[in-house]
Amino acid sequence: MNKDKEYIIKRIQSFLYSFYAKNTKNARVNEVYDCLCRYLMEVIGKTWVKSKDLENDKDYYILSFEYLPGKFIDRNIHRLKIKDQIIEALDELGFDFDEILACEKEADLGVGDIGIGSSALINELANQKKRAVAYALRYENGNLKQKIVDGRQVEYSDFWLEQGSNWEHKKSFSYLLEIDGRKSKTIAYDMPILSDNADFVNTLRLFKSEVVDAINIEDFTRGDFLKAYDNYINISSINKFLYIDDSTYEGKFLRLKQEYFYAVSAIRDIFRRHNKRHGNIKGIENNIKIFSHDIHPSLALIEFIRILTREYGYEMSKAIDMSRMVFDHVAFSITDDSVEDYDIEMIRRINPEIKDAIIEIQKNLQIISPELSIIKNGKVSFRNINKYLSGDYNYLSKIIAEARENDINHSYFNYGTDRILYSSSSNVGLSNLLRDYGINSFAYEKIEKIKKIQNNESFFKDLDKVKYNNKCRLAKIVENSLGDVINPYSMYDIQLSIMHESKRQILNCLAIAYKYYMLKYNSNLKLTPTTYIFSGKANEGYFMAKETIKFIIALKKMIDKDKFIREKIKIVFVEDLNVEKIKRVLPAVDIYSNLTLPTLDNQNFHILNAIFNMSNIISTKGGIIDNLDVSNSFYTFGADFDTIQKLDIENSYNANEFYYNSEIVKFTIDNLLNESYDNFPYNFKIIYDQLLMYNDSFKIFYDLEDLVNTRSKIENEYLDIDKWTKRQVENIIWANNFRLDEVISK
């Protein structure tokens, strides 16, 4: 590849001639962005072709409703290692690099841990030079866009594909499907996933649903335009948004349509690709491996078995065995609201053939054992589809996996994260510092070298300087974008997560409120100044999640009004969190707060992302904390998994009693309830009543005192640079063992 500055300018000029009839002197910034992308795709395309032709023993596939690749222009430039040359070329042309990057909208294909894990896996498969395709829906609007207006979340759509994407190309093949009695056509678009050293490319394939008969001419002629476009509206709605409110029948039915369209399209594509490469269906169970991420692709297993039995004549028992050889399930979400059960009649309405296949599979499973049931009381359990038809059912937490010892085929994976995306490309200061100490990348074998300097005081001091510079940079961004002035000498305590009761942002807020009231009644109290940074979206129909955001914003306003306390405590809410914003926040993290209830804590990838930005961690006693034999240096608090499980099983926890018996809980709650609306513009009784109504099911009261006390210890240790930094180093050595290459080799 020619990386020369002059060559880059030459290619940009050539594409400007071809597509815009312009030269570099009168080209607009978006036109230069477009032509730069064309040059990069020209380079990537050559490697992509070679990667597709590589003879491997197996093809890998990922089924996931979410991916979070970030901005493709940014990730590709970093992996091609030509950032400096491009900056020089653009500078000579009179354009700013950041201005060019700003032309691209981030691919809106995911929202949380599923997206992080799926993107990291397809990237690691590329690193291992294993040919793979990751399937996604081509969401036109992606997830909801979030804006905070008058102290509450407002949702709106943002058409990220309005100008198309420079990184995708449309495929010539298509698949015909029938959904709810309507004919639909699957159109595929491919995007490149470049390996870390840019020597291999895998494919992210996006499916778009298109109508076969767009307009009914007779209805249109009569002037009944709504009926005329009925087919178009129903079919095209499938890939408009990522997650819609499924609390109604119509919302649930649309979700099921999305899942059926996605699953059937992916499986048909896998069969087509296999037969094209191998000539026939023989050996498919040995030639492919499918990672099914979370609950949404469940119907893919049904369609896989249906095709084997109906189109290739396999016996049902043999087809089920083949499914178990091919599919490995990875569970990300384990909360009750993530379990999907659909009425069998709703599935019949989607497609009668898939309903018939489910019933035939159920009959075969019942012959083996009456306990192997995917249909119960007229509902199809998607969780059981994955448990009984996959080879392995994997969690991401050892604690969660071991608690389900009675489940069949269950295990756990130590899923890693994309270290280039969330660390080296976004934390330039840290990358340069590590390079000065002989650590040239964030790869496993390089990070292992940190062990040699884990007691090096010079490194500790240099790291502290890098962290301070990153905090100053974030403070400037926050001031320019939100108008909040934050102290870079304060401790940055960050919680990045979807708004959910299990994530316990309410617990975080109560601990901050307790600190506020203690300062209010005792101004001489010595506390380490702390900036608490929240970010996360509430799903459209999730009442408590939206109330949590109102609580955070009201608490922020109350603190900001007090001229004395706001120097000690600061709350910042970063709205509409995406990959680019995460990359700005993580380098400045002093401590990341994982407050998830242990019985519902499967994985939080931002723990790993924060650690690879040299952050300390405060965490509950669940999730990935005990996944490894190697110990970490987390600050832990609260009840452990067994204690919470025991409280739930024995029903021995009484939230109302606990409220009256805990001084810290009662002090905090009473002050919030009695606060004037002018000072604290939120009716906290809404949250308080909900907590008592459901007996504080997420144990917020139960863990509040321990969180307060643990944070007090953290504030003291933060002032000891050597002790603080030593913990950071110990944690990155621990986190280095979360490796997707080992997951793939299993």
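**A lysine and its neighbours**

Analyst: Let's start with K289, which touches K58, D59, Y60, Y61, M325, V326 and D328, leaving aside residues up to four places away in sequence. Contact here means heavy atoms within 4.5 Å. Before going on, bear in mind that this is a predicted model, where local features need pLDDT of at least 70, side-chain atom pairs count only at pLDDT 80 or more, and totals for chains, interfaces and linings use all residues. Numbering runs from 1 along each chain as its sequence is written, and side-chain values use heavy atoms, with hydrogens and water left out.

K289 sits in strand β8, residues 288-293 (helices, H or I, of at least four residues and strands, E, of at least two are DSSP runs, numbered from the N terminus). With a relative accessible area of 15%, K289 is buried (buried is under 20%, exposed over 50%, partly exposed in between, with a 1.4 Å probe and protein chains only). The K289 side chain also makes a polar link: it reaches the backbone oxygen of M325 at 2.9 Å, and M325 is among the residues that K289 touches. A polar contact is a pair of N or O atoms within 3.5 Å; within protein, one must be able to donate a hydrogen and the other to accept it, and residues adjacent in sequence count only if both atoms are side-chain atoms.

Next, helix α15, residues 352-368. Its 17 residues reach 25 Å from first C-alpha to last, close to the 24 Å expected at 1.5 Å a residue (that span is 1.5 Å times one less than the number of residues). At the start of α15, a side-chain oxygen of N351 comes to within 2.9 Å of the backbone nitrogen of E353. The buried residues of α15 are I354, K355, A357, I358, I361, Q362, N364 and L365, whereas E353 counts as partly exposed because its relative accessibility is 43%.

E353 has a charged partner too: R306 forms a salt bridge with E353, the closest N and O atoms being 3.3 Å apart (a salt bridge is a side-chain nitrogen of Lys or Arg within 4 Å of a carboxyl oxygen of Asp or Glu). That pair links distant parts of the chain, since R306 is in helix α12 (residues 299-310) and E353 is in α15, 47 residues apart.

E155 is partly exposed at 24% relative accessible area.

For a local pair, look at R38 and D34, whose salt bridge has its closest N and O atoms 3.1 Å apart. They are separated by about one helical turn because they lie 4 residues apart in helix α2, residues 29-53. R38 is partly exposed, with 30% relative accessible area, while D34 is buried at 8% relative accessibility.

There's a multi-residue case as well: K171, D190, R205, D269 and R272 are joined in a network of salt bridges. A search of the whole structure turns up 57 salt bridges.
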